[in-house]
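User: Hi! I am new to this structure and would like to learn how to read it. Could you walk me through it?

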Amino acid sequence: MEQYIFETGDLELLAMGALPVEKERALYLLLEENEVLRAEYEEIESSLFLTSNENAVEPPKQVKDEIASFVFEEVEEKSTFSFSAVNVFKMAASILLIGSLAFNFILWKDTNSKSTISESIVGEDTLEDLPFSEPMFNEMFAYLKTELSEEPCKMDFRTTRAFLSSHNLDTPENLAFLKDHEGHCDCEVLMNVAQYFPDNKYRHGGILPKVHKMAKPMAVSFLRQYRVR
Amino acid sequence: MNQSKKLHIEESDLLELLKNKDRNGFNILYQNYSGAIYGIIIRMLREEGEATDMLQEVFIKIWNKIDSYDRKKGRLFTWMANLTRNLVIDRIRSADYKNHTLKNFVRDDNVRVTDSEYSSVMKIDSIGLKGLVSELKPDLKILIQKIYFEGYTQADLAEELDIPLGTLKTRVRAAIKALRKQFD
C-alpha cells in the first residue's frame with residue numbers, strides 16, 4: 001500500500017463516504033490510533049447526521065410494512081428449516097429419543113405378553129394339575145427350607161422323598177411332576193418348583209448354581225434367611 | 001419528518017436488537033432512520049417509485065448485513081448512509097436503469113455518465129436542502145448537496161465545478177466546519 005498523506009478535508013470526505021477505498025482504509029487505521037482525530041471525526045459524523053435528519057423525507061406509509069413482511073417472512077422461513085450443525089444434532093437426538101421410546105414400548109408390551117402367557121401356564125400346571133394339594137406343597141417347601149438350611153442339598157431327592165414318604169406321597173408320578181417343573185434335586189424343588197406357585201415365598205429370581213458343592217456356602221446363607229422363627 | 005417521532009435508544013442496544021433479528025429493533029431502526037435515508041435516496045434518484053423500491057432494498061440490505069457493521073469505523077448512520085449511496089449508484093449503473101430517463105450521474109473515478117440535458121445542478125432547487133445546511137453560503141452548500149446527498153466523488157465534483165482537488169477539499173472542510181458551528 002502506498003504511503004498515506006493526511007490532507008485537509010479527508011476526514012470530512014470520509015464521513016461523507018466520498019474518499020477512495022485505499023485512503024479510507026489508511027484513515028480508519030489512523031482513527032483507531034489517534035483519539036483527537038477520532039473525536040473530530042465523531043463531531044463531523046454528528047453534524048452530518050443532524051443535517052440528514054433536517055433533510056429527511058417521509059417515505060410512503062406502506063413501505064415499512066412491505067419491508068417488515070419481507071424480512072420477517074425470511075426469518076420465519078429460515079427458522080422453519082435450516083441445515084445448521086445444531087439443527088442436525090437436534091434432529092438426530094430427536095430420532096434417537098423417539099426410537100428409544102418406541103423400542104421400550106415394544107419391549108414393555110412383549111414382557112406383558114410373556115407374563116400373561118407364563119401366568120396362564122402356571123395356572124394350568126399348578127392349580128389344576130397338581131398331583132397333591134397346594135397346602136401339602138407349601139408344607140413340603142417349608143420342610144425343605146428348614147432341612148436344607150441345616151444340611152445342604154446332596155444333589156438328590158433324599159429330603160424331598162423323606163417328606164413325601166411321611167405323607168404317603170412318594171410315588172414315581174409325584175417325582176416326575178417335580179422333575180417336569182425343573183425340580184431335579186432337593187434344592188431345585190425348593191427353588192424351581194416353588195416358583196410355579198403364584199404366592200410362592202421361596203422364589204429368589206433364578207435357579208441355584210448347578211455345582212452344588214461349590215455353591216454350598218452360598219445356598220446355606222441364602223436359605224437361612226427363610227428360617228422359620 | 002417529525003423529529004419527536006424518533007425513539008430514544010442507545011446505538012449499542014439497537015445493534016443488539018438488530019443482530020438478534022428482533023422486530024422491535026426493526027421498528028426502531030425504521031422509525032429513527034428511514035426518513036434520513038429516504039432523503040438521500042430521493043435526492044439521488046428523484047423519482048418516488050424508484051426511491052421507494054430502493055428504500056426497501058436498502059433496509060433489507062441493512063437488516064441482512066448488520067453483522068458486517070464495525071463500530072470502530074464510525075456510527076451506525078454513517079455506515080447506513082454510505083451503504084445507501086453505494087446501492088443507489090449500483091442501481092443507476094445497472095443495465096435496465098441506463099435507459100431510464102432519470103439517469104444523470106454515476107459516482108466512479110473511471111466511469112462518468114452525465115446527462116447534460118438533465119444536469120443535477122439544475123435539480124438542486126427542485127429537491128433542495130432544508131435546515132441549517134440551507135443557510136450556508138451557496139458555494140459551500142453545493143458541496144454537501146452534491147457529495148453527501150447525491151453521491152458525487154471528490155474528483156468528479158472537482159471536475160464539474162472546475163476547481164482543483166485541493167481547493168475542493170479545503171472547501172468541504174470549511175463547509176462542515178460552518179455546519180458544525182451552526183449546530184453548536
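Analyst: Gladly! Helices (H or I, at least four residues) and strands (E, at least two) are DSSP runs, numbered from the N terminus. Here chain A reads α-α-α-α-α-α-α-α-α-α along the sequence, with 10 helices and 0 strands. This is a predicted model, where local features need pLDDT of at least 70, side-chain atom pairs count only at pLDDT 80 or more, and totals for chains, interfaces and linings use all residues. Residues are numbered from 1 along each chain as its sequence is written, while chains are lettered from A and ligands numbered from 1 in the order in which they are written.

User: Which residues of helix 3 of chain A are buried?

Analyst: A residue is buried if 20 or more other C-beta atoms, placed from the backbone, lie within 10 Å of its own, exposed if 12 or fewer, and partly exposed in between. In helix 3 of chain A, the buried ones are A:Tyr41, A:Ile44, A:Glu45, A:Ser47, A:Leu48, A:Thr51 and A:Ser52. Seen down the helix axis, they fall within an arc of 160° (taken from the directions from the axis to the C-beta atoms), so they line one face of the helix. On the other side, A:Glu35, A:Val36 and A:Ala39 are exposed.

User: How many residues does each chain bring to the contact?

Analyst: Two residues are in contact if their C-beta atoms, placed from the backbone, lie within 7 Å. Chain A brings 39 residues and chain B brings 47. Helix 3 of chain A gives the most to chain A's side, with 12 residues.
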